[in-house]
Amino acid sequence: MTPPRTPAQAMALMARETRARHGTVPHELDGIAVAPGFRLVAEGQFLLRCDSGFGYHYVPGEGVTVERPVGGDLDEEALWLNGSVYAAVACLNGFYPVHASAIAWQGRVHAFTGPTGEGKSTLVAGLGQRGLPMFCDDTLLLDLSAPDRIIALPGHKRLKLTEQALALTGATADGAVGADTGKSYAIPPAGDVREPLPLASLVFLEEGPQPKWTRLLGAERFARLADDHYTQGLYHDAQRPDRAAQFQLRARLATQVGMAVLARPRSAAGFAGSLELAEAQVREFVE
Amino acid sequence: MIALEQVPTKIAGRFSETTIDDEVVVMNLDSGDFFSLAGTARASWELIDGSRDTAAIIAALAGQYAASAEEISAEVRQFLDELEAAGLVRTA
């Protein structure tokens, strides 16, 4: 059980624990060998060894050691650091990750979740064009340490969009993401919010014949909270919650956060329709 | 089928439950299966206290829903059987 933290304490903790320095990393944790291409959470620490030769080792209180191979790509180094490593540090410190991109409006966070490629980042970029600032892209970190509130931590990742999403949203590209990801960094059209805020709603994106917003009620809220993103694996490795703890976690989200499904066809018209719906729902959101 | 004089009891430690809107979600902690209980199913679940026998549960539900005990008896007993089969309740 994580003791209650203030939002400011949560931010300070993540800033402190994700400090990175270069050095050598071990090839095993707790006597368990970690081959290139694998990661391990053990003894409260995290070890990641990438196929490309990069290595990352997190020790609580000491931050992250990064081993960069000769000729290692700096962009790749940053991608791992902001992806798996950041998520692992968060999970080991009791934060809960959700595979979602989010915007902030009137001091609260509205997050959009769905499988990879479902359009989370594209929707957030589109909402930015309509004046709603980005809160995070791809990974939403939640602080559940206080029982009466769910606080979301602002994103640490830059917005990443495909060429198609850039064209669809009119967002401005700001350099390629790595060598062969097919994505570009993009400037959030309405800027981004850098302070922790309460999570107001979680919206599940899915494909449908026409843009449609459906508020979720009852047990469906609970059932929808099955998340198979890799960060969930990190959370389970780090916290090892039993079934009762997993139930309580889902129950909290289901009872303390508004939930809806946003269905829309995969087309430019479908995107425009879903933007209108999402913007209206966010601006008019009532508990 | 459970007899009218039998007393169903929730098996403590075998489940977790939470109320979401008008429904109660109950998870079997051994299997990970969860059940959504609404309406009469929720009312039945909430009447299982380890002291009421099946007849008393049926009578209470009949009062709540303005129905006769005969009308709802089979349905309630079947539901209690399902709870037992799901490992959430035992009968004595």
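Two residues are taken to be in contact if their C-beta atoms, placed from the backbone, lie within 7 Å. On this criterion, in the predicted model described here, residues 24 or more positions apart account for 51% of the contacts in chain B with a separation of 6 or more. For chain A, the corresponding share of contacts between residues 24 or more positions apart, again with a separation of 6 or more, is 66%.

Chain B contains three helices and five strands. Read from the N terminus, its elements follow the order β-β-β-β-α-α-α-β. The radius of gyration of chain B is 13 Å, which agrees with the value near 12 Å that a compact globule of 92 residues would have. Along the principal axes, the C-alpha atoms of chain B occupy a box of roughly 35 × 30 × 20 Å. Buried residues represent 22% of the 92 residues in this chain.

Chain A comprises eight helices and 18 strands. Its radius of gyration, 19 Å, is close to the 19 Å given by the globule rule for 287 residues, so chain A is as compact as a globular protein of that length. The box filled by the C-alpha atoms of chain A, taken along the principal axes, is roughly 55 × 45 × 30 Å. Of the 287 residues in chain A, 38% are buried.

The domain assignment divides chain A into domain 1 (7–92) and domain 2 (96–283). Taken over C-alpha atoms, the centres of domain 1 and domain 2 of chain A are separated by 25 Å. The contact between them involves 16 residues of domain 1 and 17 residues of domain 2. On the side of domain 1 of chain A that touches domain 2, the elements giving two or more residues are α1 (7–17) and α2 of chain A. Helix α2(A) gives the most to this side, with ten residues. By class, the residues on the domain 1 side divide into twelve nonpolar, one polar and three charged.

The largest nonpolar core has 91 residues, and those with the most contacts inside it are A:Ala88, A:Ala102, A:Ala111, A:Leu142 and A:Ala152. Helix α2 (residues 74–92) of chain A is the element that gives the most to this core, supplying eight residues. Both domain 1 (7–92) and domain 2 (96–283) of chain A are represented in the core, each by at least three residues. For A:Ala111, when residues up to four places away in sequence are not counted, the contacts are A:Val98, A:Ala100, A:Ala102, A:Leu140, A:Leu199, A:Leu202 and A:Val203.

A:Leu159 lies in the loop between β12 (151–153) and β13 (160–162) of chain A. A residue is buried if 20 or more other C-beta atoms lie within 10 Å of its own; A:Leu159 has 27 other C-beta atoms within 10 Å and is therefore buried. Leaving aside neighbours within four places in sequence, A:Leu159 is in contact with A:Ser121, A:Ala125, A:Met134, A:Asp137, A:Tyr185, A:Ala186 and A:Pro188. The C-alpha atom of A:Leu159 is separated by 9.9 Å from that of A:Phe135, which is 24 residues apart from A:Leu159 along the chain.

Strand β7 (residues 63–67) of chain A pairs with two strands described here, β1(A) and β6(A). Strand β1 (residues 20–22) of chain A runs parallel to β7(A), and three bridges join the two. Within this pairing, A:Val64 in β7(A) is the bridge partner of A:Ala20. Strand β6 (residues 55–59) of chain A pairs with β7(A) in the antiparallel sense, over five bridges. A:Val59 stands opposite A:Gly63 in β7(A). The hairpin of β6(A) and β7(A) has three residues between the strands, and A:Gly61 takes a positive phi near 85° in this hairpin.

The contact between the chains takes twelve residues from chain A and twelve residues from chain B. On the side of chain A that touches chain B, α5 (219–224) and α7 (243–256) of chain A each supply at least two residues. Helix α7(A) accounts for the largest share of this side, seven residues. By class, the side of chain A that touches chain B consists of seven nonpolar, three polar and two charged residues.

Technical notes. Residues numbered from 1 in each chain as written. Chains lettered and ligands numbered in written order. Predicted model: local features only at pLDDT ≥ 70, side-chain atom pairs only at ≥ 80, totals over all residues. Helix = DSSP H or I, 4+ residues; strand = E, 2+ residues; numbered from the N terminus. Rg over C-alpha atoms; globule rule 2.2 N^0.38 Å. Buried ≥ 20, exposed ≤ 12 C-beta atoms within 10 Å, placed from the backbone. Nonpolar A, V, L, I, M, F, W, Y, C, P; charged D, E, K, R; others polar. Core = buried A, V, L, I, M, F, W, Y, C linked by C-beta atoms within 7 Å. Domains from an automatic or database assignment. Pairing = 2+ DSSP bridges.
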